[in-house]
Amino acid sequence: HLAIWKQFLKSGEERILVLEDDAVPSPDSASEMVCRVLAATPPDADMLLLGCTIMDGLAAPTDSPMFTRVFYYNGTYAYLLTRKGCQTLLPLMLPLQTHVDNQISLALVENSRNLRVYCSEPRMFTHDFAVRSDVYVPVSDEARADRTLAAIFSRSRAKLIAEGLH
């Protein structure tokens with residue numbers, strides 16, 4: 001992802017669509033729906049997730065039923081990234097210390113005032129779980145991993161509530 005982002009910043013384009021090899025168009029991704037979603041994308045969007053799993057409810061409704069503001073999610077298999085979003089996110093991703101979606105989520109929580117990520121409703125893409133990830137890391141202590149993730153969610157929720165965003 002980061003290599004694609006760096007190439008994108010060298011281009012003159014304002015947006016880039018990133019699709020992983022395991023992205024599958026959902027039944028709701030008919031061309032007219034995609035056009036409606038793209039035309040209605042909030043102007044302040046830094047990234048538009050065209051499919052994702054919102055983690056632990058860390059999201060907020062928007063004025064439009066077509067979009068949810070996302071703070072913590074799983075799934076970078078289909079998204080639209082703006083030039084401004086890329087310029088803002090890329091420095092926050094280096095050095096990469098965890099999965100891209102997790103590190104983006106951590107950046108979203110820490111920079112909730114100046115980063116805006118939305119998810120389309122309905123989702124335009126789903127994830128093909130039959131395709132084995134090339135970044136799969138087996139979890140050796142699931143209970144510890146669950147506790148760690150629960151603590152991250154708890155801290156994230158408390159920060160967002162304190163900022164009036166959740």
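Which residues does methionine 47 touch, not counting residues up to four places away in sequence? I looked this up first. Methionine 47 touches Trp5, Tyr73, Tyr79, Leu80, Leu81, Leu89, Ile104, Arg116, Val117 and Tyr118. Contact here means heavy atoms within 4.5 Å.

**Ground rules.** I am reading a predicted model, where local features need pLDDT of at least 70, side-chain atom pairs count only at pLDDT 80 or more, and totals for chains, interfaces and linings use all residues. Residues are numbered from 1 along each chain as its sequence is written, and side-chain values use heavy atoms, with hydrogens and water left out.

**Cores.** I turned to the largest nonpolar core, which has 23 residues. A nonpolar core is a set of buried Ala, Val, Leu, Ile, Met, Phe, Trp, Tyr and Cys residues joined through side-chain atoms within 4.5 Å. Buried means under 20% relative accessible area, exposed over 50%, and partly exposed in between (1.4 Å probe, protein chains only). Trp5, Met47, Leu49, Tyr73, Leu81, Leu89 and Ile104 touch the most other members. Among the elements giving two or more residues to this core are helix 1, helix 3, helix 4 (100–110) and strand 3 (47–49). Helices (H or I, at least four residues) and strands (E, at least two) are DSSP runs, numbered from the N terminus. I also found a second, separate core of 14 residues, including Met33, Leu50, Met66 and Tyr118.

**Helix 1 against helix 3.** I checked the axes of helix 1 (residues 2–10) and helix 3 (residues 83–93): they come within 10 Å and cross at roughly 135°. That makes helix 1 oblique to helix 3. Angles under 35 degrees count as roughly parallel, over 145 as roughly antiparallel, 65 to 115 as roughly perpendicular and the rest as oblique. Axes are lines fitted to C-alpha atoms, for helices over the stretch in contact, with angles from 0 to 180 degrees between N-to-C directions. From helix 1, Leu2, Trp5, Lys6, Phe8 and Leu9 meet Arg83, Cys86, Gln87, Leu89, Leu90 and Met93 of helix 3.

Most residues other than glycine have a negative phi, and most peptide bonds are trans. I noted the exceptions. The bond from leucine 94 to proline 95 is cis, with omega near -5°. Proline 95 sits in the loop between helix 3 and helix 4. The bond from glutamate 121 to proline 122 is also cis, with omega near 0°. Aspartate 56 is not a glycine, yet has a positive phi of about 50°. I place aspartate 56 in the loop between strand 4 (53–54) and strand 5 (59–61). Aspartate 56 counts as partly exposed, at 41% relative accessibility.
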